[in-house]
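Please look at the sequence and the model before reading on.

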Amino acid sequence: MTSVREVDLLAERAHAGQVDKIGRPYIEHVRSVAAGLAPLGDELVMAGLLHDVVEDTDWTAEKLLAAGIPPRVVEIVEAVTNQPGMPYEEKIRRITADSSATLVKIADNAHNSRPDRAAQLLPDKRERLAAKYRKARATLWPAASRADVEAIVRIVNPALLAELGEVFGPASAPAGGPA
């Protein structure tokens, strides 16, 4: 079994030299996604670290398996990997067929939606991506439990917490509270 630390090092090597849409080292994005998945277990953390490796590097699912990545982690990575010619909305619907892939995509979406990151984009791109990510959340979030979505969002992008009530309704009052 490969450790989370070993997977982190693999992701760091795989994404070496890559930058994201705002010019930050790409490894920061995958580490942020993985951090949001930490409360849900090592398998999801590993998938978060590797979620873009097949899509954006020369790594393949077969190479990941040969490197000792657990098969279930590779399945999750494949589930969130873009398929050529598949529209984004269809990809999101496909992802929701796998509960673990759904959680990885929720963390990815939350990080991509951070206000501090969006503020660094040109206004037209910022608005287009905000609409795309919000529409994706409308499909992704109902496919997961409120508790899991909230755990991820609290870590990755607390600005999205207000949106939880729109999707799931108001949070229930804590037990023992006023009647």
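Which residues does Ile 69 touch, not counting residues up to four places away in sequence?

## Basis of the report

This is a predicted model, in which local features need pLDDT of at least 70, side-chain atom pairs count only at pLDDT 80 or more, and totals for chains, interfaces and linings use all residues. Residues are numbered from 1 along each chain as its sequence is written, and side-chain values use heavy atoms, with hydrogens and water left out.

## Overall fold

Twelve helices and zero strands make up the secondary structure of the chain; helices (H or I, at least four residues) and strands (E, at least two) are DSSP runs, numbered from the N terminus. Read from the N terminus on, the order of elements is α-α-α-α-α-α-α-α-α-α-α-α.

The C-alpha trace spans about 55 × 40 × 30 Å along its principal axes. The radius of gyration of the chain is 16 Å, which agrees with the value near 16 Å for a compact globule of 179 residues. This radius is taken over C-alpha atoms, and the globule rule is 2.2 Å times the number of residues to the power 0.38. Among contacts with a separation of 6 or more, 62% join residues 24 or more positions apart; contact means heavy atoms within 4.5 Å.

## Surface and charge

The chain carries 22 positive and 25 negative side chains, and the centres of the two sets lie 5 Å apart. Lys and Arg count as positive and Asp and Glu as negative, whereas His and the chain ends are not counted. The place of a charge is taken as NZ of Lys, CZ of Arg, CG of Asp or CD of Glu.

Of the 179 residues, 44% count as buried, that is, under 20% relative accessible area, with exposed meaning over 50% and partly exposed in between (1.4 Å probe, protein chains only). In soluble globular proteins, nonpolar side chains tend to be buried together. The largest nonpolar core has 50 residues, and those that touch the most other members are Leu 37, Leu 50, Leu 64, Ile 69, Ile 106 and Trp 141. Such a core is a set of buried Ala, Val, Leu, Ile, Met, Phe, Trp, Tyr and Cys residues joined through side-chain atoms within 4.5 Å.

Ile 69 is situated in the loop between helix 5 (61-66) and helix 6 (71-80) and is buried, because its relative accessible area is 3%. Not counting residues up to four places away in sequence, Ile 69 touches Thr 2, Val 7, Leu 10, Leu 50, Leu 64 and Val 74.

## Three further buried residues

Asp 8, in helix 1 (residues 4-14), counts as buried at 9% relative accessibility. Beyond residues up to four places away in sequence, Asp 8 touches Ile 27, Arg 31 and Leu 49.

His 51 belongs to the loop between helix 3 (42-50) and helix 4 (53-56) and is buried at 2% relative accessible area. Its contacts include His 29, Val 77 and Asp 108. Tyr 133, in helix 10 (residues 123-140), is buried at 6%. Among the residues that Tyr 133 touches is Ser 113; the two lie 20 residues apart along the chain, with their C-alpha atoms separated by 6.9 Å.
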